[in-house]
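Dear colleague,

Please find the structure below, together with its sequence. My notes on what was found follow directly after it.

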Amino acid sequence: MLTKWLLAICCAAVGIVATSADDLDARANSIVDSFTDSQVVGQLAQVAIFSVLNEDYSLNEDLVRYYAKLHVGSFLTTPFTNGPNELTGAVGWNVAEWRDIITRIQEIVMEENDGIPMIYGIDSVHGAGFILNTTLFGAQINGAATFNPDLVYEMGRVTGQDTQAAGIPWVFGPILEISSNPLWPRTYETFGEDPHLVSVMADAVIRGLQSNNQTAACMKHFVAYSKSPTGHDKDGVAISDFDLLNYFVRPFKAAIDAGVLTTMENYISINGIPTIGNHKILQQLLREDLAFDGLAVTDFGEMGSLNSFHRVARTVDEAVRMSYVHTGIDMSMGVADVYLNSTKLLLEQNPEYLNRLKESAKRIIKTKLQLGLFDSPIPGADDVAKVRNDADVEKSLEMARESIVLLQNNDSTLPISTSSSVFLTGHSAHNIGNQCGGWSVSWPGYTGNENFPNGISVKEGMESIGGDKVTYFNGLDVNGNYSDVNMTTAKEYASQAEYTVAVIGEHPYAEKTGDIDDLALPAGQIEYVKELASTETKVIVVLFEGRPRLLGDLPENVHAVVHGLLACEQGGKAMAEIIYGQVNPSGRLPITYPKDSGNVLMPYNHRVTTQCADSEYCEMQWDFGTGLSYTEFTYSDLTLSKANVTSSSDSIDVSVTVTNSGSVFGKETVMLFLTQPYRSISVPEVKQLKKFSKISLEPGQTQTVSFTLTADDWSVYYPQIGSGMKQVAEDTDYVIAIKPETDCDVYNETAVANPLCATFTLQTGDYPYGVFLE
């Protein structure tokens with residue numbers, strides 16, 4: 001623990017007194033106004049921890065003191081990013097080890113920097129994944145698949161708690177990109193492809209993270225990072241203001257409304273201008289239109305990438321100048337003191353930029369004040385005993401259960417009886433690392449079970465329920481390779497079993513390491529499963545993958561398909577419970593699962609002009625919102641409170657009755673979609689999700705589900721960055737549809753009325769139809 005005399009120095013140096021939140025700006029201003037130029041520059045620097053460690057990852061206090069004397073404002077990340085320590089073989093630090101390291105760094109920093117604390121940041125994106133023996137949740141894509149924001153809140157709360165227990169107050173998450181290209185290797189890090197779904201989950205996870213009073217969430221990566229035209233990570237993006245504001249900005253606005261404290265920019269260029277040097281994006285949009293006044297940090301090494309990657313700046317010094325002069329960025333993330341020295345040079349050559357740099361320093365100091373770091377420099381002492389408590393592990397299991405998606409269930413093959421014979425196979429059948437994916441213990445993740453002592457594989461989960469009725473053998477690797485001998489053995493086992501469960505998919509990866517040139521699942525995986533199906537066993541395919549890999553003709557050759565996404569440590573237990581019917585599946589796809597390689601860039605909410613050769617909307621393997629259940633739900637009595645809206649302040653109450661008409665308990669996600677059949681400001685989308693609610697019903701139980709639509713739901717943002725976030729809505733008809741599969745056939749005047757469709761008309765007079773064409 002920090003000594004009492006050190007705390008006394010801290011308080012004396014900055015005049016710490018008990019103050020309200022309204023005084024934070026004044027206190028930050030007072031502290032920064034007392035800074036020397038070197039202190040201002042130092043606060044803007046964030047240094048990776050491997051810059052201050054010895055080869056065995058013990059702390060080099062001389063190096064820490066060197067950076068402390070430079071007044072460095074922040075440190076970050078784990079030294080085990082890319083794998084184990086080469087000398088010790090260690091793969092990470094536990095809570096106690098992290099607290100020791102953070103405490104000593106903080107002591108030295110505050111000794112050398114007049115009591116000003118540093119802030120430590122780390123990527124904890126599905127639990128505290130870089131801190132050993134904490135509670136790991138499924139990936140964000142699993143959180144989205146639950147359609148249960150209460151569970152996503154819990155994921156955030158536990159993630160913040162466990163990270164804070166390690167002494168770390170700054171969580172680099174959540175990821176708020178809109179999944180746009182399934183080739184993109186960060187698809188699993190998102191909350192899916194729908195702006196409303198991502199926005200709801202953004203609000204939930206941020207509130208969960210920051211419910212830990214000394215935790216700051218970080219919305220990232222601002223903005224449109226995911227709209228890769230090739231699917232390759234870091235590729236430049238071309239995008240209109242309309243699409244940027246109405247799809248990609250919405251989750252970030254929701255995050256700001258939820259009180260998020262910090263943000264991180266991204267690696268890409270937008271319309272040819274790198275984000276890190278983009279005045280329109282990081283000043284006009286972020287600071288002015290969205291009025292975000294929190295701390296903004298670069299992604300790793302991004303200032304230097306203006307020189308080394310984007311080739312816009314000729315030197316690192318020029319790159320740092322471009323970034324600070326043209327944008328509202330505050331802190332530069334990187335290695336050693338390169339960017340700090342370049343910032344110092346900027347100020348020496350152009351002292352008129354001092355006030356600009358002080359504004360950033362004030363935002364950084366304000367964040368530290370908000371987190372109470374001046375009073376409690378090492379957060380989380382009371383959280384240490386809470387790590388991996390039973391209730392938190394149960395929440396992780398609940399999220400795994402509710403995120404698993406039953407995609408296909410021919411002839412009601414699932415669930416199976418515990419008395420049935422089962423052959424279990426596949427490269428991911430006994431591989432917890434493959435269930436977790438990237439950002440799990442290390443940056444790209446680990447395959448196998450060794451580094452996941454708290455996890456449960458599908459094999460372990462099924463054996464705990466099915467006992468000796470389950471036979472396991474695997475002859476397949478992740479690349480689709482298998483020997484003739486192994487194939488013969490596998491087919492022999494399959495032929496003797498009533499059911500064969502084949503667990504296939506991807507291996508772990510992160511960012512650029514996950515780039516691929518073909519979305520198709522390796523052909524050998526498909527061939528292996530089809531060979532097993534030829535034995536007349538009933539094949540159940542289980543997928544663990546971070547993006548929707550094309551399956552070819554596999555679905556039509558098997559009885560059932562269950563998608564675990566990346567449910568992580570509890571994924572094996574949850575999957576087994578669903579296969580055996582102990583849990584009724586309730587997950588829904590938060591992204592479109594494409595069928596053909598030419599149609600992968602088609603989210604469900606594409607524009608009406610995106611059509612295939614027959615002038616119809618293209619067929620997907622499974623659509624957004626797909627998710628089967630072991631029971632049936634019947635919808636009826638769709639009701640609107642009004643059919644005409646005459647004021648932008650009006651609202652519409654929508655209700656629908658849902659009945660569990662099957663024989664078992666189930667959870668159902670009720671979804672409301674909105675279509676504007678004709679829109680002059682921009683070609684309309686086929687439909688867009690606007691509301692959803694997950695309900696639980698016993699057999700025969702009925703519930704009326706109600707939603708309220710307002711101008712926020714039927715309006716769009718006027719496409720002009722720099723003019724504020726202005727919402728507009730044309731006077732015209734709008735169509736409501738309940739359920740993902742409901743087709744209201746809005747362009748067919750002779751269509752039979754669908755009882756799950758309803759129309760209302762906007763007649764406010766604010767924006768007559770066609771006014772935006774004038």
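Two strands are said to pair if DSSP finds at least two bridges between them. Helices (H or I, at least four residues) and strands (E, at least two) are DSSP runs, numbered from the N terminus. This is a predicted model, in which local features need pLDDT of at least 70 and side-chain atom pairs count only at pLDDT 80 or more, while totals for chains, interfaces and linings use all residues. Residues are numbered from 1 along each chain as its sequence is written, and side-chain values use heavy atoms, with hydrogens and water left out.

**Confidence**

The average pLDDT (the predictor's confidence in each residue, from 0 to 100) is 96 for the protein, and 97% of the residues score at least 70. Residues 1-18, however, have a pLDDT below 50. Beyond near neighbours in sequence, this stretch has 29 contacts in the model, a contact being heavy atoms within 4.5 Å. Where pLDDT is low, the predicted coordinates should not be read in detail.

**Strand E27 and its partners**

Strand E27 covers residues 733-738, and five of its six residues are buried. Buried means under 20% relative accessible area, exposed means over 50%, and partly exposed lies in between (1.4 Å probe, protein chains only). E27 runs antiparallel to strand E22 (residues 666-675), to which four bridges join it. Leucine 674 has isoleucine 736 of E27 as its bridge partner. Five bridges join E27 to strand E28 (residues 757-762), again in an antiparallel arrangement. Here tyrosine 734 has phenylalanine 760, in E28, as its bridge partner.

**Disulfides**

The structure holds three disulfides, each defined as a pair of cysteine sulfur atoms within 2.5 Å. With bonded cysteines counted along the chain, their pattern is 1-2, 3-4, 5-6.

- Cysteine 436 is joined to cysteine 568, with an S to S distance of 2.2 Å. Cysteine 436 lies in helix H17 (residues 432-436) and cysteine 568 in the loop between strand E18 (560-563) and helix H21 (571-579), so the pair ties together parts that are 132 residues apart in sequence. The link is right-handed, with 95° about the S-S bond, and both cysteine 436 and cysteine 568 are buried.
- Cysteine 612 is joined to cysteine 618, S to S 1.9 Å. The torsion about this S-S bond is about 115°, so the disulfide is right-handed. Cysteine 612 is partly exposed, at 27% relative accessible area, whereas cysteine 618 is buried, at 11%.
- Cysteine 744 and cysteine 757 have their sulfur atoms 2.0 Å apart. Cysteine 744 is in the loop between E27 and E28 and cysteine 757 is in strand E28, 13 residues apart. This link is left-handed, with -95° about the S-S bond, and both cysteine 744 and cysteine 757 are buried.

**Backbone features to inspect**

Most residues other than glycine have a negative phi, and most peptide bonds are trans. A cis peptide bond joins glycine 173 and proline 174, with omega about 15°; proline 174 lies in the loop between strand E6 (170-171) and helix H8 (195-210). A cis peptide bond also joins phenylalanine 222 and valine 223, with omega about -5°. Valine 223 is in the loop between strand E7 (218-222) and helix H9 (241-248).

Alanine 224 lies in the loop between E7 and H9 and has a positive phi of about 70°. Alanine 224 is buried, with a relative accessible area of 2%. Alanine 291 likewise has a positive phi, near 55°, but counts as exposed at 53% relative accessibility. Alanine 291 is in the loop between helix H11 (279-289) and strand E11 (295-297).

With kind regards
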